[in-house]
Amino acid sequence: MTSRHPAADRSMLRTARRLVVKVGSSSLTSVAGGIAEDALLDLVEVLAARRNRGTELILVSSGAIAAGLAPLGLARRPRDLATQQAAASVGQGLLMARYTQAFGAHGVAVSQVLLTAEDLMRRQQYANAYRALNRLLHLGVVPIVNENDTVATHEIRFGDNDRLAALVAHLVKAEALVLLSDVDALYDGPPKAGAKRIPQVSGAEDLEGVSIGSTGKAGVGTGGMVTKVEAATIAAESGIPALVTSTPNAAEALEGNDVGTWFSVNGSRRPVRLLWLAHLATVQGRLTLDDGAVQAVRERHRSLLPAGITTVKGTFEPGDPVELADLEGRIVARGLVNFSSYELPRMLGRSTKELGASLGRQYEREVVHVDDLVVL
């Protein structure tokens, strides 16, 4: 499944053979009533009809935490991790039960797949996830993916499922990503103030000066438009077009009609760990480079050597993500560093040959290899 539409417009959604659709908590649940029954049934009717026409679909669905609020008697989304995990544990089962029943009424089988973005960074888990999802699609199943909130070991972050959806689209080689929420499109300002819809985004320049809102009006989601734009950008930069629109527009969106905001492809496919490095990684430090090293990294696409580094900031271990900055402090790249912040200072400005002679052969290598480097 490697079909691509590099110059495609939204009309390609009508005939796409493999799609990832993401729906937000605000579209499916409310604090007062748990799962919004009618909204879920309406969405499932649209998706099941498309699946029954032969399109392979993956649904990335938020809503587990929000669905668990009412049964637990919680008035609002909890802030502490333990209560979020408890709500997710209760809500995920309820959400899957409703999806299973609703899709089943249309003769479509579904499966539950719980992932984290980190699962897609490790080679073995990545391969396993791809095999499992690919097999489910070939069997006619609609995999329903959610972040594994219940066993998260870190604070559940805003908008993880938006970005997770972009990585899943990349993982399964989807032809497009559709991001559904309670906002019908990206606007060039507040819609209530008469702002205009932005029908298409072809690159970062189209978003200059655009004020992007935060969490939706329902108050149970976490991402808002900011993470929708981030996720659509991640997809577009990895060769997958994306559409951002509202859940009630799902049918029109999948027919390729002029709704929402279309993010056209402006990059080519690259390894998922480099997508993670560019968009998701938590940077642990910063390396400042001299002009020669900046040119080598940014223009000649070379590895970073210790001779070109002037200063080191932060505390990090080998394998951690770091920023690479020029002498003016502008970030030019990100990379996975091969040495710790303890080792690097004594290496600065020295050639690998000199370091090998004085410190040992293990120091005769790049600080950041070109294969572990993303120019920003």
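**The aromatic pairs, and what surrounds them**

Modeller: Let's start with Tyr 99, which is buried, with a relative accessible area of 0%. Keep in mind that this is a predicted model. Phe 103 also counts as buried, at 0% relative accessibility. Both residues sit in helix H4 (residues 81-104), 4 residues apart, or about one turn of the helix.

How many aromatic pairs turn up in a search of the whole structure? The search finds 2. In one of them, the ring centres of Tyr 99 and Phe 103 are 6.2 Å apart and the planes make 40 degrees, so the pair is tilted. Planes under 30 degrees apart would count as stacked and over 60 as edge-to-face, so tilted is what remains for this angle.

Then there's Phe 339 with Tyr 363: centres 5.6 Å apart, planes at 10 degrees, so that pair is stacked. Phe 339 belongs to the loop between strand E14 (331-336) and helix H11 (352-359), while Tyr 363 belongs to the loop between H11 and strand E15 (373-375), so the pair ties together parts that are 24 residues apart in sequence. Phe 339 and Tyr 363 are both buried. There's a charge to note here too: Arg 365 lies over the face of Phe 339, 4.5 Å from the ring centre.

Now for the chain around the rings. The secondary structure comes to 11 helices and 15 strands, and of the 376 residues, 52% count as buried. Taking contacts between residues at least 6 apart in sequence, 74% join residues at least 24 apart.

His 170, in helix H6 (residues 160-171), counts as buried at 2% relative accessibility. Setting aside residues up to four places away in sequence, His 170 touches Tyr 126, Ser 238, Ile 240, Arg 269, Arg 270, Pro 271, Val 272 and Leu 275. Ser 246 is in strand E9 (residues 242-246) and is buried, with a relative accessible area of 7%. Leaving out neighbours within four places in sequence, Ser 246 is in contact with Leu 180, Ser 181, Asp 182, Val 183 and Asp 184. Ser 246 and Leu 179 are 67 residues apart in sequence, yet 8.0 Å apart in space, C-alpha to C-alpha.

Lys 173 is in the loop between H6 and strand E7 (176-181), and its phi is near 60 degrees, a positive value in a residue other than glycine. Lys 173 is partly exposed, with a relative accessible area of 23%. His 301, in the loop between helix H10 (291-298) and strand E12 (309-314), has phi near 55 degrees, again positive in a residue other than glycine. At 52% relative accessibility, His 301 counts as exposed.

By class, the lining of the second largest pocket has 9 nonpolar, 5 polar and 3 charged residues.

How values were computed:
Residues are numbered from 1 along each chain as its sequence is written. This is a predicted model: local features need pLDDT of at least 70, side-chain atom pairs count only at pLDDT 80 or more; totals for chains, interfaces and linings use all residues. Side-chain values use heavy atoms; hydrogens and water are left out. Ala, Val, Leu, Ile, Met, Phe, Trp, Tyr, Cys and Pro count as nonpolar, Asp, Glu, Lys and Arg as charged, and the others, Gly among them, as polar. Rings of Phe, Tyr and Trp (its six-membered ring) pair if their centres lie within 6.5 Å; planes under 30 degrees apart count as stacked, over 60 as edge-to-face and the rest as tilted. Helices (H or I, at least four residues) and strands (E, at least two) are DSSP runs, numbered from the N terminus. Buried means under 20% relative accessible area, exposed over 50%, partly exposed in between (1.4 Å probe, protein chains only). A charge sits over a ring if NZ of Lys or CZ of Arg is within 6 Å of the ring centre and within 35 degrees of the ring normal. Contact means heavy atoms within 4.5 Å.
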